[in-house]
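Here's a quick briefing to read with the model open beside you. Keep the sequence handy too, and follow the residues along as they come up.

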Amino acid sequence: MSSPRARLRMPESDVADLLHSNWSMVFGTLDHSGRPHLVNMAYGFVGEQLAFTSYIKAQKIVNLRRDNRLSGLIEDLGGSYDEIRGVQLLGAARLDEDATTVQTVLRAVVAQMHLAERTAAPDYSSLREISAK
């Protein structure tokens, strides 16, 4: 007999669907005192890897340089309490400042936003300018 928690566990295919049908998450790092620092973050996928980008001096990046552990919450509130679905992510960040990698991640984040919102594909012609700032 399975536990109540096991019965509530979302099947892997539903987890993948939830991740790919959204573009933002509550993103958590640890601040200098060890307390949670939570922000909303847009994300995308580079291959099968979840990826995001931020300014080098952003507090979340400062926190990740100190301690690369992170957590994320992606949820779909549905129409009522019994329809809430969510996925908690736990991991370790790999920070990469390479310009080509940053552009790849920016493209992935923008593409995920458009995919989740079902809007037209983005025009990347000005992306080189944006990522250079």
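Let's start inside the sheet, where Thr29 stands opposite His37 in S2. Helix H3 packs on this sheet and touches S1, S2 and strand S5 (69–76), with its direction at about 50° to that of S1. Bear in mind that this is a predicted model.

**The overall layout**

- The chain has five helices and six strands.
- The chain has 133 residues, and 26% of them count as buried.
- If you take the contacts with a separation of 6 or more, residues 24 or more positions apart account for 55% of them.

**The sheet and its hairpin**

- Four strands make up an open sheet, in the order S2-S1-S5-S6, and the pairing is antiparallel.
- At the edges stand S2 and S6; each has a single partner strand, so one side of each is left without a neighbour in the sheet.
- From one strand to the next, the twist averages 25°.
- As a general point, strands of a sheet pair through backbone hydrogen bonds, in either a parallel or an antiparallel way.
- Here, strand S1 (residues 24–30) and strand S2 (residues 36–42) pair in the antiparallel sense over seven bridges.
- One of the residues to look at in this pairing is Phe27, whose bridge partner in S2 is Val39.
- The hairpin of S1 and S2 has five residues between the strands, and Gly34 takes a positive phi near 90° there.

**Asn63, a polar residue tucked under the helix label H3**

- Asn63 sits in helix H3.
- Is Asn63 buried or exposed? Asn63 is buried, with a relative accessible area of 0%.
- The side chain of Asn63 makes a polar contact of 2.9 Å with the side chain of Thr29.
- That's the Thr29 that stands opposite His37 in S2.
- Setting aside neighbours within four places in sequence, Asn63 is in contact with Thr29, Leu30, Asp31, His32 and His37.

**Aromatic pairs**

- How many aromatic pairs does a search of the whole structure find? The search turns up two aromatic pairs.
- Phe27 and Phe52 form an edge-to-face pair, at 4.5 Å centre to centre and with 65° between the planes.
- This pair links distant parts of the chain, 25 residues apart: Phe27 is in strand S1, while Phe52 is in the loop between strand S4 (49–51) and H3.
- Phe27 counts as buried, at 1% relative accessibility.
- Tyr43 and Phe45 have ring centres 5.9 Å apart and planes at 85°, so that pair is edge-to-face.
- Both Tyr43 and Phe45 are buried.

**Salt bridges**

- In general, side chains of opposite charge can pair when their charged atoms come close.
- Searching the whole structure gives four salt bridges.
- One of them joins Arg65 and Glu97, with the closest N and O atoms 2.5 Å apart.
- Why does this pair tie together parts that are 32 residues apart in sequence? Arg65 lies in helix H3 (residues 59–66), whereas Glu97 lies in the loop between strand S6 (85–92) and helix H4 (99–117), so the pair bridges that stretch of sequence.
- Arg65 is partly exposed, with a relative accessible area of 47%, and Glu97 is exposed, with a relative accessible area of 51%.
- Asp67 forms a salt bridge with Arg69, and here the closest N and O atoms are 2.7 Å apart.
- Asp76 and Arg85 also meet through their side chains in a salt bridge, at 3.4 Å from N to O.
- Asp76 is partly exposed, with a relative accessible area of 30%, and Arg85 is partly exposed, with a relative accessible area of 30%.

Methods. Residues numbered from 1 in each chain as written. Predicted model: local features only at pLDDT ≥ 70, side-chain atom pairs only at ≥ 80, totals over all residues. Heavy atoms only, no water. Helix = DSSP H or I, 4+ residues; strand = E, 2+ residues; numbered from the N terminus. Buried < 20%, exposed > 50% of the residue type's maximum accessible area, 1.4 Å probe, protein only. Polar contact = N/O pair within 3.5 Å; in protein donor to acceptor, adjacent residues only side chain to side chain. Contact = heavy atoms within 4.5 Å. Pairing = 2+ DSSP bridges. Axes fitted to C-alpha atoms, helices over the stretch in contact; angles between N-to-C directions. Phe/Tyr/Trp six-rings, centres within 6.5 Å; stacked < 30°, edge-to-face > 60°.
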